[in-house]
Amino acid sequence: AEINLQEVHDLLVSIAHEAGKMIMSATPSYLSAGEKKNCSPPPSKHCTNQYANHLPTAADLVTETDQAVEAMVSSRLQTSYPQFSFIGEETFKPGVTKLTDAPTFIVDPIDGTTNFVHAFPAFCISLGFVVKKVPSVGVIYNPFLGELYTAIKGQGAYLSRNGAPKEKLPLKQNPEPLKDLSTCLVGAEWGSDRTGSNFALKCAVFAKLAASKEDGGAMVHSLRAMGSAALNIAAVAAGQQDVFWEGGCWAWDVAAGWCLLSEAGGIMAGGNPGDWDPAIDGRKYLAVRAAPEGQKAIVEEMWAVIGDGR
Ligand code: IPD
């Protein structure tokens with residue numbers, strides 16, 4: 001039977017508000033936050049997630065609130081849609097959890113956990129719904145700022161602030177063309193993997209983006225690292241950031257934002273359906289905002305800068 005995406009959307013919005021209350025009433029502490037969500041705890045000191053490709057680090061935090069919110073979300077979804085699949089950051093099992101063509105909820109209970117524990121106001125709940133791996137509903141809610149981003153495939157993307165009437169994305173109704181990277185505000189994240197060649201690659205990309213033309217760089221307007229992949233993608237959908245790049249995102253970081261972005265006329269390059277399964281190591285995402293022209297050129301320019309970092 002045809003899935004009623006509006007009903008799915010309405011449920012996700014209601015869940016997002018409930019999650020927001022849980023998140024805002026929590027008192028997280030970075031002293032008690034646990035580490036490394038996608039790795040198993042000892043006995044093995046090393047990450048047992050063959051796809052994560054890095055060791056447990058103190059930069060990948062998880063709190064009791066992340067886990068409690070995910071439990072609430074999965075139980076509400078299970079009650080309303082027991083026939084649909086569910087992938088959540090906190091219950092993802094490396095090598096076991098698979099993204100299939102089945103209708104699937106993809107959930108990050110708190111995206112931007114590091115911000116959450118430090119009370120930096122850029123964290124959100126990210127609720128995606130994908131059908132045949134195509135992002136079909138996206139709901140992202142920042143409870144601190146009361147910002148609710150929503151999208152349904154084919155029906156546009158919207159932002160509502162503190163319950164005010166929703167505004168269509170991108171917020172600028174006539175987005176300017178994208179000239180070249182030197183005129184872009186670029187979101188790029190440090191991520192939680194700070195080891196070895198991966199880290200060196202990331203730093204090299206940041207340096208190339210920021211450096212002056214004389215020094216062989218792209219000299220972008222500036223770099224931002226907001227600390228939440230979902231909010232980064234939402235900002236690109238809104239037209240507040242021109243580009244977002246991160247190697248190493250997981251499906252739950254991007255599923256909801258991807259729907260917003262496509263509906264707002266933006267594009268997600270390098271992560272086409274089939275290449276974004278959490279069980280494949282193809283986790284490279286480049287989001288570019290809506291633009292009457294220049295979108296493709298920016299993708300090419302970014303790939304040239306990123307090189308092997310893709
Ligand atoms: C993280 C954030 C961060 C990004 C990491 C994500 P989490 O999500 O989105 O900005 O750099 O790659 O894992 O762990 O806070 O849900």
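**Entry 1**

I counted the elements of the protein and found seven helices and 14 strands. I note that the model is a predicted one. I then looked up burial: of the 310 residues in the protein, 45% are buried. I also examined the contacts with a separation of 6 or more, and 67% of them join residues 24 or more positions apart.

**Entry 1: domains**

I consulted the domain assignment, which gives domain 1 as 5–168 and domain 2 as 181–309. Between them, 45 residues of domain 1 are in contact with 33 residues of domain 2.

I asked which elements give two or more residues to the side of domain 1 that touches domain 2. They are the strands β3 (85–88), β4 (104–111), β5 (124–131), β6 (134–142), β7 (147–152) and β8 (157–161), together with the helix α3 (113–118). The most is given by β6, with eight residues. I sorted the residues of this side by type and recorded 23 nonpolar, 15 polar and seven charged.

**Entry 2: E89**

I turned to the UniProt record, where an unreviewed entry lists E89 under "binding site". I located E89 in the loop between β3 and β4. Is E89 buried or exposed? I counted 24 C-beta neighbours inside 10 Å, and the cut-off for a buried residue is 20 or more. E89 therefore counts as buried.

I took D108 next and found it in strand β4. D108 counts as buried because it has 32 C-beta neighbours inside 10 Å. Which residues is D108 in contact with, leaving aside its neighbours within four places in sequence? I recorded E89, S126, A230, W252 and D253.

D111 has 31 C-beta neighbours inside 10 Å, so it counts as buried. Not counting residues up to four places away in sequence, D111 touches F123, C124, S126, S228, A229, A230 and D253.

**Entry 3: comparing the two lists**

I set the contacts of D108 beside those of D111.

Conventions:
Residues numbered from 1 in each chain as written. Predicted model: local features only at pLDDT ≥ 70, side-chain atom pairs only at ≥ 80, totals over all residues. Helix = DSSP H or I, 4+ residues; strand = E, 2+ residues; numbered from the N terminus. Buried ≥ 20, exposed ≤ 12 C-beta atoms within 10 Å, placed from the backbone. Contact = placed C-beta atoms within 7 Å. Domains from an automatic or database assignment. Nonpolar A, V, L, I, M, F, W, Y, C, P; charged D, E, K, R; others polar. UniProt positions renumbered as here; feature names shortened; annotations may be inferred.
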